[in-house]
Amino acid sequence: MRKVHTAESLVEIAHLRNVLESEGIACVVRNDRLGGVVGEIPFVECWPELWVRQPGESLRARALIDEALQSVEDGEPWTCPRCGEEVEPQFSQCWNCAAPPPGSEGAR
Ligand SMILES: [Zn+2]
């Protein structure tokens, strides 16, 4: 097991776990308790951590994480062309109606 990422946000950790698992990298989240003692102990050690099971995959995992974080920072929320909901940039389809982002169809 090797730690590849730590983030204040459990949402971010969960997203990155999905990214890694979709690439076939087995990973584990530690310190995933929500709220609770975290607010009283402001140390980074209490933040959620993402670990990969196979140390040999840690470099690839880090590269995927960098890529995922970069795309989140670069992205902007998009508006669903079907239902008009605003969707966070890391989602590749509308959370509400599962429509793809504008421009993804007909781009080929
Ligand atoms: Zn929608």
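Is Glu49 buried or partly exposed, going by its relative accessibility?

What we have here is a predicted model, so local features need pLDDT of at least 70, side-chain atom pairs count only at pLDDT 80 or more, and totals for chains, interfaces and linings use all residues. Residues are numbered from 1 along each chain as its sequence is written, and side-chain values use heavy atoms, with hydrogens and water left out.

Okay, the overall layout. The protein chain has two helices and five strands; helices (H or I, at least four residues) and strands (E, at least two) are DSSP runs, numbered from the N terminus. Starting at the N terminus, the order reads β-α-β-β-α-β-β. The chain has 108 residues, and 26% of them count as buried. Buried means under 20% relative accessible area, exposed means over 50%, and partly exposed is in between, with a 1.4 Å probe and protein chains only.

Back to Glu49, then. With 10% relative accessibility, Glu49 counts as buried. Its side chain meets that of Lys3 in a salt bridge, 3.6 Å from N to O. By salt bridge I mean a side-chain nitrogen of Lys or Arg within 4 Å of a carboxyl oxygen of Asp or Glu. Lys3 sits in strand β1 (residues 2-6) and Glu49 in strand β3 (residues 49-52), so this pair ties together parts that are 46 residues apart in sequence. Lys3, for its part, is partly exposed at 35%.

The structure holds two salt bridges, so let's see the other. Here Glu23 and Arg60 pair up through their side chains, at 3.7 Å, N to O. Glu23 is in the loop between α1 (10-22) and β2 (27-30), while Arg60 is in helix α2 (residues 58-74), so parts 37 residues apart in sequence are tied together. Glu23 is partly exposed, at 39%, and Arg60 is partly exposed, at 39%.

While we're in β1, have a look at His5, which is in that strand. His5 is buried, at 15% relative accessibility. The side chain of His5 makes a polar contact with that of Glu12, at 2.9 Å. For a polar contact we need a pair of N or O atoms within 3.5 Å; within protein, one must be able to donate a hydrogen and the other to accept it, and residues adjacent in sequence count only if both atoms are side-chain atoms.

Now for helix α1. Which of its residues are buried? Those are Ile13, Leu16, Val19 and Leu20. They cover an arc of only 120° around the axis, which puts them on the same side of α1; the arc is that of the directions from the helix axis to the C-beta atoms. The face turned away from that buried side carries the exposed residues Val11 and Ser22. Just after the helix, Gly24 takes a positive phi of about 80°.

Cys80 is buried, at 3%, whereas Cys83 is partly exposed, at 35%.
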